[in-house]
Amino acid sequence: MLQLCTRHGEPAAQHRRVLLKSRTPSWTYLLIPFGLLPFAIVATVLEKRVKAAAWPFCPRCLKLRTGRLLGGIGVVVFAILAVLVLAAAVPHGTSYAGPIVLAFVALLFVGLLLAANAGWPLIASAHVSRDGSAVEVRNAHPRFAEHAAALQAWAAQQQWAAQQQWPAQQGYRQPQQWQPHYAHPQYPEQQSPGPGGTMPS
Ligand SMILES: [Zn+2]
């Protein structure tokens, strides 16, 4: 399990289940003029999803999320209050209604955008690669990158050890204890992920 957050490289305070998605290919936006539905369908079909069971978030990540959420809600509340106040203040029959509605919609959009940025995948700044085979972290903190590389090396070593017919190592599972549980006599040859060889993906 990853112990450092990807964004700040700090020890995780919380692990969360995160649904990571691939980024929408930019060419699909060309479909928007033909209607939102074709765009939505193509984007959904092309989307790759990966469920990360326990993605690490440090206290700064949690603060960032709260800040974005509150900021978004604040802007939306401000927009609603401003419209209510203006509606009461501006006399009827004036031509202010158009610009006020426009400003309200714009503020609403900004607020929702801010709140949407508080989503866990965006806080993690992680997304699935286009072919769905890997999870990419944008602007990963160097400390996290080091940590991840070490984990990967460890996992590779575990796999190598597994391929070496499970040699008896200190603190390592021995085949004799495990073989009886499996009907397969050739268990060591099986392509099984080593213990801990599971990277959160
Ligand atoms: Zn963090």
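Q: Why does R60 count as partly exposed?
A: R60 has 45% relative accessibility. Buried means under 20% relative accessible area, exposed means over 50%, and partly exposed is in between (1.4 Å probe, protein chains only). The value of R60 falls in between, so R60 counts as partly exposed.

Q: What kind of model is this, and what limits apply?
A: This is a predicted model, where local features need pLDDT of at least 70 and side-chain atom pairs count only at pLDDT 80 or more, while totals for chains, interfaces and linings use all residues. Residues are numbered from 1 along each chain as its sequence is written, and side-chain values use heavy atoms, with hydrogens and water left out.

Q: What makes the pair E10 and R60 a salt bridge?
A: The closest N and O atoms of E10 and R60 are 2.9 Å apart. A salt bridge needs a side-chain nitrogen of Lys or Arg within 4 Å of a carboxyl oxygen of Asp or Glu. The pair meets that limit, so the label holds. This bridge links distant parts of the chain: E10 is in the segment before strand 1, R60 is in helix 2, and 50 residues separate them.

Q: Is E10 buried or exposed, or in between?
A: E10 is partly exposed, because its relative accessible area is 22%.

Q: How many salt bridges does the structure hold, and which residues meet in the other one?
A: There are two salt bridges. E47 and R49 meet in one of them, at 2.9 Å from N to O. E47 has a relative accessible area of 22%, so E47 is partly exposed.

Q: How do you know the number of helices and strands?
A: Helices (H or I, at least four residues) and strands (E, at least two) are DSSP runs, numbered from the N terminus. On that basis the protein has six helices and four strands. From the N terminus on, the elements run β-α-β-α-α-α-β-β-α-α.

Q: What makes L69, L70, I73, V77, I80, L81 and L84 a nonpolar patch?
A: Patches are made of residues with over 30% relative accessible area and no salt bridge; like charges are joined within 9 Å, and nonpolar side chains (Val, Leu, Ile, Met, Phe, Trp, Tyr) within 5 Å. I80, one of the patch residues, has 39% relative accessibility and counts as partly exposed. That value is over 30%, so I80 passes the area test. Together the patch residues have about 630 Å² of accessible area, by the Shrake-Rupley method with a 1.4 Å probe, where only the protein chains shown count as cover for residues. L81 lies in helix 2 (residues 59-89), and I80 is found in helix 2 too.

Q: Why is S125 called buried?
A: S125 has a relative accessible area of 8%, so it is buried. S125 sits in the loop between helix 4 (120-124) and strand 3 (126-128).

Q: What makes the phi of S125 stand out?
A: Phi of S125 is near 45 degrees, a positive value in a residue other than glycine. Most residues other than glycine have a negative phi.

Q: Is N139 buried or exposed?
A: N139 is exposed, because its relative accessible area is 70%. N139 is found in the loop between strand 4 (135-137) and helix 5 (142-163). Its phi is near 50 degrees, also a positive value in a residue other than glycine.

Q: What makes a space a cavity, and how many of 30 Å³ or more are there?
A: On a 1 Å grid over the protein atoms alone, a cavity is a set of points where a 1.4 Å probe fits but cannot get out; lining residues have an atom within 4 Å of a point. The structure holds one cavity of 30 Å³ or more. The largest cavity holds about 40 Å³ of space. Its lining is S22, R23, T24, P25, A43, L46 and E47.

Q: Which residues lie nearest the centre of the largest pocket?
A: K21, S22, R23, P121 and L122 do, among 14 lining residues. A pocket is an open set with protein on both sides within 12 Å along at least five of seven lines. About 330 Å³ of space lies in this one.

How values were computed
Grid points are joined across faces, edges and corners, and a volume is the space filled by probe spheres set on the points.
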